[in-house]
Amino acid sequence: MSTKGTILVTGGTGYIGSHTTVELIQAGYKVVSLDNLSNSNINVLDGIEAITGTRPVFYQVDCNDESAIEEIFTNHPDIQGVIHFAASKAVGESVQKPLLYYRNNLLSLIVLLEAMQRHGTTGIVFSSSCTVYGQPEVLPVTEDAPVQEALSPYGNTKQINEEILRDVVYAGVPYKVIRLRYFNPIGAHPSALIGELPLGVPQNLIPYLTQTAAGIRQELSVFGDDYDTPDGSCIRDYINVVDLARAHVLAVDRILDEAKKSPALETFNIGTGRGVSVLELIRTFEEVTGVPVPHKIVGRREGDIEQVWADPSLANNVLGWQARESLADTLRSAWAWQVRLKEQQK
Ligand code: NAD
Ligand code: UFG
């Protein structure tokens, strides 16, 4: 396999970071991975190695630790690009602990950008979120839809990080920035060797659903069936995590390809283009796995967006990226991962 270049992946043992590391290695990149393991496990590296045959160079460091980041860039002068996943991501927790979120999610980007500038690394791909759109007026939502006031400190950190990246580019620092706005990443690698590792009681739909199907939780609560949607439950755009990981590889290809002369700052929606309701998702899971999901309708969750799904045409046309995996296969992969996790815990 030819080597394309070296990429620093922050949050590399996390859910999306681990899947992206696999896709980068399989595409011929060398990965230097860092994580403080605040929300992931070192064993993830075993899964990555089992899938790819390569164990990425790994540093257990905090992204906010300037001297540790400086040391990584010094040790690896071949780092050509950075994918910045490392962040705290629990919306509810961010409301309780805003300073933790602002410190962790804002400072880490600043520390990285400064180190990149010192070492002449220009390319960075940033994990943003469709949360920046709030409830869009027009669906499917395109990248030029207005950014709306954030509903949580977590959402606000994504907006501010997007602005920081915009401002450094406007200031003329020669960065190449791609901001990827993810819709709802779900599922796991088809090998079931890596996946999402929620700590404690899951706050997101899919881990709660698979834990309920596995009998770990008694019942899934569906937050509201009185929304202005066909079946009354909220609608999201659920994107397969491996598809999402592949979008990062294409983004990195793009920022490293000087011949492309791409703009210094680009933003892409990464979603399927299809909205799926909570009730439809539960039904599809039950159909494709044959496993029932006990659930009940409860009241709305505060701060929930009623419905949002992506217009992914820009990513389709400019990055050459397409969501490939069906919802059925994605839900099967989420279930296979849950079954494996439960077996491991026996
Ligand atoms: P994750 O928690 O699984 O991964 C993030 C990783 O970063 C974890 O392994 C954690 O230990 C690490 N980390 C956190 N702070 C760190 C720090 N200061 N230094 C070093 N490591 C640190 O989350 P994920 O789902 O893989 O999300 C990755 C990125 O994508 C995050 O920026 C998140 O905000 C963003 N995002 C996620 C979703 C989603 O639904 N999963 C949606 C939109 C955007
Ligand atoms: N839901 C339930 N029951 C649950 C959990 C969720 O009915 O137990 C519903 C929610 O009301 C929502 C849908 O399932 O309608 C999806 O909820 P998630 O919590 O899984 O995802 P969100 O769309 O609320 O938010 C997620 C991430 C955010 C990110 C956003 C957009 O948590 O960090 O996607 O990428 F910003």
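I count a pair of N or O atoms as a polar contact if the two lie within 3.5 Å. I note that the model is a predicted one.

Entry 1, polar contacts of the ligand. I looked up the backbone of tyrosine 15 and found one of its N or O atoms 2.8 Å from an oxygen atom of ligand 1. I then turned to the nitrogen atoms of the ligand. A polar side-chain atom of aspartate 62 is 3.1 Å from a nitrogen atom of ligand 1, and a polar backbone atom of cysteine 63 is 2.8 Å from a nitrogen atom of ligand 1. I also recorded the cover: of the 820 Å² of accessible area that ligand 1 has on its own, the protein covers 94%.

I listed 27 residues around ligand 1, of which Asp35, Asn39, Ser40, Asn104 and Tyr154 come nearest. By class, I noted twelve nonpolar, eleven polar and four charged residues in this shell. At least two residues each come from α1 (15-26), β2 (29-35), β5 (123-129) and α6 (153-170). I found that β5 gives the most, with three residues.

I looked up helix α9 (residues 278-289) and helix α11 (residues 327-345), whose axes come within 9 Å and cross at roughly 75°. In α9, Leu281, Thr284, Phe285, Val288 and Thr289 meet Leu327, Ala328, Leu331, Arg332 and Trp335 of α11. I recorded the residues of this contact as seven nonpolar, two polar and one charged.

Conventions. Residues numbered from 1 in each chain as written. Chains lettered and ligands numbered in written order. Predicted model: local features only at pLDDT ≥ 70, side-chain atom pairs only at ≥ 80, totals over all residues. Heavy atoms only, no water. Near = heavy atom within 4 Å. Polar contact = N/O pair within 3.5 Å; in protein donor to acceptor, adjacent residues only side chain to side chain. Areas by Shrake-Rupley, 256 points an atom, 1.4 Å probe, with all protein chains shown as cover. Helix = DSSP H or I, 4+ residues; strand = E, 2+ residues; numbered from the N terminus. Nonpolar A, V, L, I, M, F, W, Y, C, P; charged D, E, K, R; others polar. Axes fitted to C-alpha atoms, helices over the stretch in contact; angles between N-to-C directions. Contact = heavy atoms within 4.5 Å.
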